Amino acid sequence: MSDSLNELPTEQQIMNERILEQLELVIDPELGIDIVNLGLVYQVEYREQNIAYVLMTLTTPACPLADIIFDEVDKAVKSLEEVDEVEVELSFYPPWQPDRMSRYARIALGFTG
C-alpha cells in the first residue's frame, strides 16, 4: 500500500475541519471577529452518534454575551447535515490571552508586536 494513501485525511478529520469552518461563522458580538480567529476554540471533535464536541473559552469568565455565543455555536455546527447534537464545554484553562489570536484578528483589533 502506498504511503500517500495513508496520508489521506480520515472521515473524522474531514468532519473536524468542517466543524471548525462553521465556527468561523460565529462572530463575537462585542469584538466583531469570529471565535476561531480570536483563539477561543481549543478543540473540536466529531464523535459517534453525530455529536460534535467543542472545547472553547471566552475572553473573560464574566462575558455578558456567553449565552448568545453558545447559541450561535450550536446553530452553526448543527447546520452540518451530519451533526445532530453539539456539546460545548467551557474551559478557562489555559486562560485566554491576546497572543491566542490569529494575525488577522490582531490586525483587525489594532494589536501590534
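**View 1. Order of the elements along the protein chain.** From the N terminus on, the elements of the protein chain follow the order α-α-β-β-α-β-α, which amounts to four helices and three strands. The model is a predicted one, and its C-alpha trace spans about 50 × 35 × 25 Å along the principal axes.

**View 2. Confidence along the predicted protein chain.** The average pLDDT of the protein chain is 92, and 93% of the residues score at least 70. Helix α1, residues 3–6, is where confidence is lowest, with a mean of 57, whereas β2 is where confidence is highest, at 98.

**View 3. The hairpin of β1 and β2.** Strand β1, which covers residues 41–47, pairs with strand β2, which covers residues 51–56, in the antiparallel sense and over six bridges. Within this pairing, V44 stands opposite V54 in β2. Three residues lie between the two strands of the hairpin, and there Q49 adopts a positive phi near 65°.

View 4. L20 belongs to helix α2, which is formed by residues 11–23. Is the side of the chain at L20 to be classed as buried or partly exposed? Because its relative accessible area is 24%, L20 counts as partly exposed, given that the term buried is kept for values under 20%. When neighbours within four places in sequence are left aside, L20 is in contact with V36, V41 and V44; of these residues, V44 is also the one that stands opposite V54 in β2. L20 and V77 are separated by 57 residues in sequence, while the distance between their C-alpha atoms is 8.5 Å.

**View 5. Surface and charged side chains of the protein chain.** The protein chain exposes about 7200 Å², and carbon and sulfur atoms supply 49% of that area. Among its side chains, 7 are positive and 22 are negative, and the centres of these two sets lie 6 Å apart.

Definitions and conventions: Residues numbered from 1 in each chain as written. Predicted model: local features only at pLDDT ≥ 70, side-chain atom pairs only at ≥ 80, totals over all residues. Heavy atoms only, no water. Pairing = 2+ DSSP bridges. pLDDT = per-residue confidence, 0-100. Areas by Shrake-Rupley, 256 points an atom, 1.4 Å probe, with all protein chains shown as cover. Lys, Arg positive; Asp, Glu negative; His and termini not counted. Charge placed at Lys NZ, Arg CZ, Asp CG, Glu CD. Buried < 20%, exposed > 50% of the residue type's maximum accessible area, 1.4 Å probe, protein only. Contact = heavy atoms within 4.5 Å.
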